[in-house]
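Please look through the model shown below, with its two sequences at hand. The report that comes after it is meant to be read alongside the coordinates.

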Amino acid sequence: MARVKNWQINREMDYPYSESRPKKQWSIIFDLNKCIACQTCSLACKTTWTSGKGQEYMFWNNVETKPYGSYPLAWDVKILEQLGQQAWKAKEPYYGKTIFEAAKPTEVVAHFHPKDEDWMYPNVGEDDCAGNVPHGDHITLPHDKWFFYLPRTCAHCTYPACLASCPRKAIYKREEDGIVLIDQSRCKGYGECVRACPYKKSMYNTHTRVSEKCIGCFPAVEQGLQPMCVQNCIGKIRIMGFVNPPWKMRKNNPIDYLIHDQQIALPYYPQLGLEPNIYYIPPIHADREYLTQMFGPNVDQAIERYKKLKDDPVTQGLLVLMGSTDRIMHSFDVKDGIAYGYDEKGDEVVRVPVTEPFIERTAYDANLKSLRNNTP
Amino acid sequence: MKFKVLFLLLMTPAFAQAGDIMVKKVKEDFSKGLDPYAAYWSQAPEVELSLMAQPMMKPKPEKPETSQLTVQALHNGNYVAFRLRWKDSEKSEAGKLGQFSDAVALEFPVKSNENPPSVIMGEPGNPVHMFHWRAQYQYDEEHGKKDVKDIYPNLAVDAYHMDYADSGKWKGATQDQKEAYMHGMAAGNPQSFPKKAVDEIMAEGFGSSAVRKDQDSFAKGEWKNGEWTVVISRALKRDKGSVLEEGKSSSVAFAVWQGGKDEVGSRKALTLFWTPLKVEGN
């Protein structure tokens, strides 16, 4: 066991391999306030990568309703159960155990092993809200009935549990972009990665008899393009880029800006200890205790900041850049009401107005000599 | 380092618990029609070996699901056949997600029979040669590889790429074009293609095992009344592999997996020392 730095829990932790950060780290940020679970991301991924034999049940990208949805069944509840109750105070390091530290002496990580029926209901719990709705109940705002949608891909973790647990060392993390891949020519289908990944994003293919996972759309990323799930997000809730650790933070990097500077985007279940690289802007109307369990004790601060975005033209500008280009933005700028995105070379790839221009027209059109009709 | 010291101790003959395996010479054919219950097996002395939970590489089993292995061996001058028996309360052939196959493996040193490498997967520069039988592989050989529809009969699929029920004037796709959508196959992973009952594997340490493309080995297993009886036969002499010579001694090691108890890969029971093997001469 090596001791490695995990900035998300703000302490050193045990990991089977020594710390080796990639030159760049693939990352996606999702704004959960905007996701409508249309599943366009799931289908973009499915049609691109998992339409083959043996992949019928696979969703490398899925969207589940929280708290009752989950794919595979109850993955989050089961891994939290394995970890047991742990404490984490705001603004302090997490002193509880990670799944590496909570492992039995014979195991690499604390884990559970999903059975095939657990993978059969990708939309279980869809649109189910938390809390009973007794007869005669009605909604008062802010409401105590809540749910939110959680889109998930592989988190291409800095400390992947799948990689750590593969006895064949058939899983590797790319130095150039941090994407974690299962070598399809060396994997023997032992399923150790399926057992070990707490987010359950490694999946076994019954036809090829080896395991597979989200590949971060590396052929697109290599060409400076965002993954298919990001490009196709009609709600424009996602942005893919490269995240730096906080000590290498660059403020004009859109990902670093939201995660490190504004601290409104948070990793999910950071207490598991993998330093996952998908980040979420938490939903402002969901149960706060649940969100704290999922995103850690800084969730309150993230939500308070998000609520004040109306006074922050720079962050607003970045949020409108999300989903406005297929290209990866390495830096951004907001000036005079216009948000600009730039590629790795610094060339402009997109510009959008922070606020769409508002045009008011008179009721009477003098050119056509007719009244304008507002029929929708 | 401390593991190595432990293993040197365990490998010394003084610590060997079991008797040597005596391989009698007979005139049976071990290259086809293998029968685990053939009458000729009564000529082969039985050796009882104790197995341990794999202790070196995580993930490990907490306890050995299989603690006893009964071994017999015979040869005919060209092939040596091992008859392996162990208790297993259920037959597991894998297939569905999260299901694993029952399996057994033989392991031989390649370079030196007197001073063999680490019994667990060999060492860099000092390889081992293994013969890995799986119930799942035997099913492939006997019935063909299970299709997804055989594993999940109620699965609903509209169409697979390049594989249409009515392709009109199109002549249809080549196998290569279809396999482009099946990543393990596209990558040429031997695991993804139909198997013979036994795989021949070379390894030089943990995680280095590679399946040999050339193969001169056969296997047949039967599960009856809570017990597997598996016969694996191999050519005495293998090019770039292990060589057994008549009238000489060698070493062999064993591993057993119970798929129904979630054993696979490094989760296995094994003999923690090389067992001496004496091949009868003329």
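The sections below go from the overall make-up of one chain to its local elements and then to the contact between chains.

## Basis of the model

This is a predicted model, in which local features need pLDDT of at least 70 and side-chain atom pairs count only at pLDDT 80 or more, while totals for chains, interfaces and linings use all residues. Residues are numbered from 1 along each chain as its sequence is written, and chains are lettered from A and ligands numbered from 1 in the order in which they are written.

## Chain A as a whole

Chain A holds 10 helices and 17 strands, where helices (H or I, at least four residues) and strands (E, at least two) are DSSP runs numbered from the N terminus. Its C-alpha trace spans about 80 × 60 × 45 Å along the principal axes. For 376 residues a compact globule would have a radius of gyration near 21 Å, and the 22 Å of chain A agrees with that; the radius is taken over C-alpha atoms, and the globule rule is 2.2 Å times the number of residues to the power 0.38.

Buried residues make up 49% of the 376 residues in chain A, a residue being buried if 20 or more other C-beta atoms lie within 10 Å of its own, exposed if 12 or fewer, and partly exposed in between, with C-beta atoms placed from the backbone. Of the contacts in chain A with a separation of 6 or more, 61% join residues 24 or more positions apart; two residues are in contact if their C-beta atoms, placed from the backbone, lie within 7 Å.

## A helix and a sheet in chain A

In helix H2 (residues 75-83) of chain A, the buried residues are Trp75(A), Asp76(A), Ile79(A) and Leu83(A). They cover an arc of only 95° around the axis, which puts them on the same side of H2(A); the arc is that of the directions from the helix axis to the C-beta atoms. Exposed Val77(A) and Glu81(A) sit on the face of H2(A) turned away from the buried side, and just after H2(A), Gly84(A) takes a positive phi of about 75°.

Elsewhere in chain A, four strands form an open sheet of mixed pairing in the order S10-S3-S12-S11, two strands being paired if DSSP finds at least two bridges between them. Strands S10 (238-242) and S11 (266-267) of chain A stand at the edges with a single partner strand each, so one side of each is left without a neighbour in the sheet. Strand S3 (residues 26-31) of chain A pairs with S10(A) in the antiparallel sense over five bridges, and Phe30(A) has Arg238(A) as its bridge partner in S10(A).

## Strand S14 of chain B

Strand S14 (residues 275-279) of chain B has Thr275(B), Leu277(B) and Val279(B) on its covered face, and Pro276(B) and Lys278(B) on its uncovered one. In a regular strand the side chains alternate between the two faces of the sheet.

S14(B) runs parallel to strand S1 (residues 21-25) of chain B, joined by three bridges, and the partner of Val23(B) is Val279(B). With strand S12 (residues 249-257) of chain B, S14(B) pairs in the antiparallel sense over four bridges, and the partner of Val252(B) is Thr275(B).

## Where the chains meet

In the contact between the chains, 31 residues of chain B meet 33 residues of chain A. The elements giving two or more residues to the chain B side are helix H3 (148-151) and helix H5 (183-186) of chain B, and H5(B) provides the largest share, three residues. The residues of that side divide into 14 nonpolar, 12 polar and five charged; Ala, Val, Leu, Ile, Met, Phe, Trp, Tyr, Cys and Pro count as nonpolar, Asp, Glu, Lys and Arg as charged, and the others, Gly among them, as polar.

Gln191(B) lies in the loop between H5 and strand S8 (198-203) of chain B and is partly exposed, with 19 other C-beta atoms within 10 Å. Leaving aside neighbours within four places in sequence, Gln191(B) is in contact with Lys188(A), Gly189(A), Arg209(A), Val210(A) and Gly184(B).
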